[in-house]
Amino acid sequence: MSKLIFVFLALIPLLCTSFSPDRPSDRRVLVLVDDFAVKSSHSLFFNSLKSRGFDLHFHLADDPKIALQRYGQYLYDALILFSPTIERFGGSVDAAAILDFVDSGHDLIVAADSNASDLIREIATECGVDFDEDPAAMVVDHSGYAVSATEGDHTLIASDDFIKSDVILGSKKIEAPVLFHGIGHSLNPTNSLVLKALSASPSAFSANPKSKLTSPPSLTGSSISLVSVIQARNNARILISGSLSMFSNRFFRSGVQKAGSPTKHEKSGNEQFFTELSKWVFHERGHLKAVNVQHHKVGEANEPSIYRINDNLEYSVEVYEWSGTSWEPYVADDVQVQFYMMSPYVLKTLSTDGKGRYFTSFKVPDVYGVFQFKVEYEKLGYTSLSLSKQIPVRPFRHNEYERFIPAAYPYYGAAFSMMAGFFIFTVVHLYHKCVTFLNPAFGGFLWAMF
Amino acid sequence: MAASDAQNGVSSIRHAFGNVLAFFILLLIGVLAFSIRLFSVIKYESVIHEFDPYFNYRVTQFLTKNGIYDFWNWFDDRTWYPLGRVIGGTVYPGLTLTAGTLWWILNSLNIPLSVETVCVFTAPIFSAFASWATYLLTKEVKGAGAGLTAAVLLAMVPSYISRSVAGSYDNEAVAIFALIFTFYLYIKTLNTGSLFYATLNSIAYFYMVCSWGGYTFIINLIPMHVLLCIVTGRYSSRLYIAYAPLVVLGTLLASLVPVVGFNAVMTSEHFASFLVFIIIHVVALVYYIKGVLSPKMFKVAVALVVSVGLMLCYGGSTYSIGSIKPNKGMEWKKFKSVRSFLTSLLCDSTYASKYIPIIASVSEHQPPTWPSYFMDINVLAFLVPAGIIVRLMLVLAPAACILSGIALSQAFDVFTRSIKLQLPSLSDHSQVDAGVASPESVVPNDSVKMDKSEDTSKERTSKKSKKKEKEPVEKPLSKSQIKKRLLVLPLETSVIAIILLVLLGAFYVVHSVWAAAEAYSAPSIVLTSHSHDGLHVFDDFREAYAWLSHNTEVDDKVASWWDYGYQTTAMANRTVIVDNNTWNNTHIATVGTAMSSPEKAAWEIFHSLDVKYVLVVFGGLVGYPSDDINKFLWMVRIGGGVFPHIKEPDYLRDGQYRIDSMGTPTMLNCLMYKLSYYRFVETDGKAFDRVRRTEIGKKYFKLTHFEEVFTTHHWMVRIYKLKPPKNRIRGKTKKSKSKTSSKPASKRKGLKRNPF
């Protein structure tokens, strides 16, 4: 008995810390910093994470003891890279290890800076974010800069061009502009996974503020992204910012006044912006799950292994959203189901009962084959739902066709009248006196004449 | 009187003796036919062969498990994904039902044989039946001696052996029996004029329709014969009885087979029979009227009918020319349908006849080479007074056997008779008569034959000639004796000729046994090769299929060229995209296009079909010539037939198909090349392909969208898995920059590996 309890006790930490699909929020976060000063200079951001229940582990980025996984198990659920200048991580961590970490479904926050190292750039590039190749370049905006007493080169910019998504940035509108001081990056417009969370104003450009501009800057205008978020295909989320100081207590606390704007905000929007964004990145918001896919014929309860063409069926699925603490019903009017065989034969919007259940009913098309019930739900900010369930559709059985159809009665009549006629003819032919009719050839001829 | 009685008694004893002998000979022929086909089981194992038999085996399993109604309505969702296939309605059920019934009977007799065993031995059993049917047919035509000879020949004709060795569980296995038996019943009906046999004939025809698409041979050959009889003035009521019920009942029964259905009245293969059906009735009417009317009146009637008919025709044609002018398309269509009729005569399925490239890609549909003609028919070729497709060789074989059976037995007849007549003539003349009759049980049948030849002449004079068949047994004897005297050949010639004939026969037997043992008993899923260091067994196919069935999910889809579809579903139990039932050209073309596309495009095609694994057969390492690279041009052709961006010239360098360094870039970058030769250079360092006898053109390359998951022992089957789509999309910054930074990382990796 005591042995059992011991085993159970030994299991408890394992049970608690292991990643479970039922609780998608991250728990254990590894923070890699250039030096431990960041821990105090950015304490507001870290404290907001801690207060939400995250378990932060701080390490120097070149600490030789750091490891992301042990015995094939990842030790952390998320990684924060606040080490823009690091050239080589310590321990077994390298760019490939970090990308593997992401590819196995974990989240990542990367903060670069004007002198970001090649390593950080490589990680960003692999995620679809291209930093300005000039290492000394910064984002300069001569009309959208933040009014400040000390800095006169307009590299501290105030931007309020947020991504329009309540899921990513929370439902509360961010009133104050966000302060930014760092390197800009561009995104490939064909890349469907990466989003500009904060973009620069049309008057911004990326150049070295200390040298004279000789050639036109490579990045200009609102194509410059200041902060980008990426949701990988496996729903791992990545935040890449061109500025580490954005997260700092100094920026969180300072007031902001955008050049040319009369209103002066007491507090910049940075804190709200990053708190909400980190909620999204760490899956406290916008994480959907679909469970309990059911389909059956109308009027039946059991799921059949095969449908027949023209069957009427009912399909239902339950979709929930993770609120950070519990699964709440997800309510939307745009969830669709496809009845798919190489192309969708039926495409229906599901109706919902507001408690997470989505349902519809439709008729199986008049085509047999191996179909799929497909729900492909990809909505901005939400994790993508991709359900497919294979179901064959068979043609009618031989005894499922209609037996007597009115259109065929003339043919039945023809067949039966011919039978009767043939019978009469046979009687006449066999028992008539006329000898010549006995010739079988003639009989066969008449037979064929019918 | 007494003498003739005694002679009768002696001859009846002889008859009885002859019959018993014939019975035992037939039994032995059956044993011979069965056992000569067991080489494959003895040399290899009791296993289903090749491709189509695996499908038939799977269907039979389903039938024995689920019963006939489920079989009839079977919708198979594991093949032709995602279209599926209605097996019940697209398969000739004869073979399956036969083997299923056999299995059921055996099991209800408490003989617990597995379905596979029954399937393996169905073909040998039915070849025994086929040789008996040959005996019956030839006996009906020419007499028991010829029948026995023909049966022996058929029992071991190589071309038939090739399709009916144990394990070759294909439609032809039972269909050849059905074919011969149907012809036998047709001849029997012709000879007897009995409606009973006519009905049996229709039922035999029904069995043939159930069994094989080759039933169109029957439904075209019999009308041809009937037409020939009519044209040569041999019309009789017996001909009518033999033909009319067959067409009516046969067509009704044929349309009951789901796969034939309305084709029995709507496709061109069957039109000939209907045309002849009409003609025979017209002829019957003419004969009847001729009998009723006086010759003079008959002439008048003919004149009347002809003139009225001409007028009607004229009126009709002017009307049709005037009113339905734009009907040229119809004419063309008709012409086309005639052409398709010709093609369908040569190929078994009407599906296939529509898609010429696919038909052409099947080796069975290619013209046989003369060596193979000789190989398959051998000595018989000299005995048959006779370019066909390979499959036709199979149908040709029984005909060749029967003709050579007749020829051989006649030759023996003549030679032995001349010896007999000359040897006794030295000693006693009176014994000659007895001697003539004694040795052969052939004699009465011989007279039947003669009677038959005289039949037609008698037919015209009196219609009750049926009874005459027995009558001439006594009478023409004297006549035929005179004839026989005239046929006497010199003794030496006869002896030498007999020796030569025996030698010829011995050579035939040796060749047949050799063919059965060496050439035709390989199951093709297990290959062997002899080399200086002994026997090598290549069991790669089953290795690969076993891997699939053990290491992949049940619902995973496996793409391969269609040749391996049946085997994959039967042995690996995985869903396939295309299989050997080539009913959907577009689907096959899609797979062909994927195989001939570059990696990325191919990945997209396969991904859209939910394919998880791609299977290719590669013989370059061990020199297995029928691999996918050799079939590749067909994939290109079939793919290009539907998707015109695939062009055959892109894969050919100056019209030559090559995979060495002179190969075109399209060829060296297509998926089939890459999947076949991926890592091939690691085997010998030179990447020398033993089938093409050349070094391959592109040796070092990586796969980006596929990963190798399994390669069999001799590399004959290689299985690749589709990689999932990339989790992240890379930015566009040049790799060169990140390369510099990643280099130390990879170096470090190398360092890290060293300790291990």
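Let me start with a word we need today: on a 1 Å grid over the protein atoms alone, a pocket is an open set of points with protein on both sides within 12 Å along at least five of seven lines, and its lining residues have an atom within 4 Å of a point. Its volume is the space filled by probe spheres set on the points, which are joined across faces, edges and corners.

Hi everyone. This is a predicted model, where local features need pLDDT of at least 70, side-chain atom pairs count only at pLDDT 80 or more, and totals for chains, interfaces and linings use all residues. Residues are numbered from 1 along each chain as its sequence is written, chains are lettered from A and ligands numbered from 1 in the order in which they are written, and side-chain values use heavy atoms, with hydrogens and water left out.

So, the pocket. The second largest pocket has a volume of about 1800 Å³. Which residues lie nearest its centre? They are Arg233(A), Trp603(B), His607(B), Pro724(B) and Pro725(B), out of 43 lining residues. The lining divides into 14 nonpolar, 13 polar and 16 charged residues. Here Ala, Val, Leu, Ile, Met, Phe, Trp, Tyr, Cys and Pro count as nonpolar, Asp, Glu, Lys and Arg as charged, and the others, Gly among them, as polar.

Helix H29(B) gives the largest share of that lining, five residues. Helices (H or I, at least four residues) and strands (E, at least two) are DSSP runs, numbered from the N terminus. Strands S25 (369–377) and S26 (385–394) of chain A, and S7 (611–617) and S13 (717–722) of chain B, each supply at least two lining residues.

Let's follow those strands. On the chain A side, S25(A) and S26(A) pair in the antiparallel sense over nine bridges; two strands pair if DSSP finds at least two bridges between them. Tyr377(A) stands opposite Leu385(A) in S26(A). Both strands belong to an open, mixed sheet of five, in the order S18-S26-S25-S21-S22. At its edges stand S18 (307–308) and S22 (343–349) of chain A, each with a single partner strand, so one side of each has no neighbour in the sheet.

What about chain B? Five strands there form an open sheet with mixed pairing, in the order S6-S5-S7-S13-S12. S6 (575–576) and S12 (706–711) of chain B are the edge strands, each with a single partner, so one side of each is left without a neighbour in the sheet. S7(B) and S13(B) run antiparallel, joined by five bridges, and Val617(B) has Val717(B) as its bridge partner.

Val33(A) stands opposite Leu60(A) in S2(A) and opposite Phe82(A) in S5(A).

Last stop: UniProt, in an unreviewed entry, places a "transmembrane region" at residues 409–431 of chain A. UniProt positions are given in the numbering used here, feature names are shortened, and annotations may be inferred rather than shown by experiment. In the model that stretch is 100% helix and 0% strand, with its end C-alpha atoms 33 Å apart.

Methods. On a 1 Å grid over the protein atoms alone, a cavity is a set of points where a 1.4 Å probe fits but cannot get out, and a pocket is an open set with protein on both sides within 12 Å along at least five of seven lines; lining residues have an atom within 4 Å of a point.
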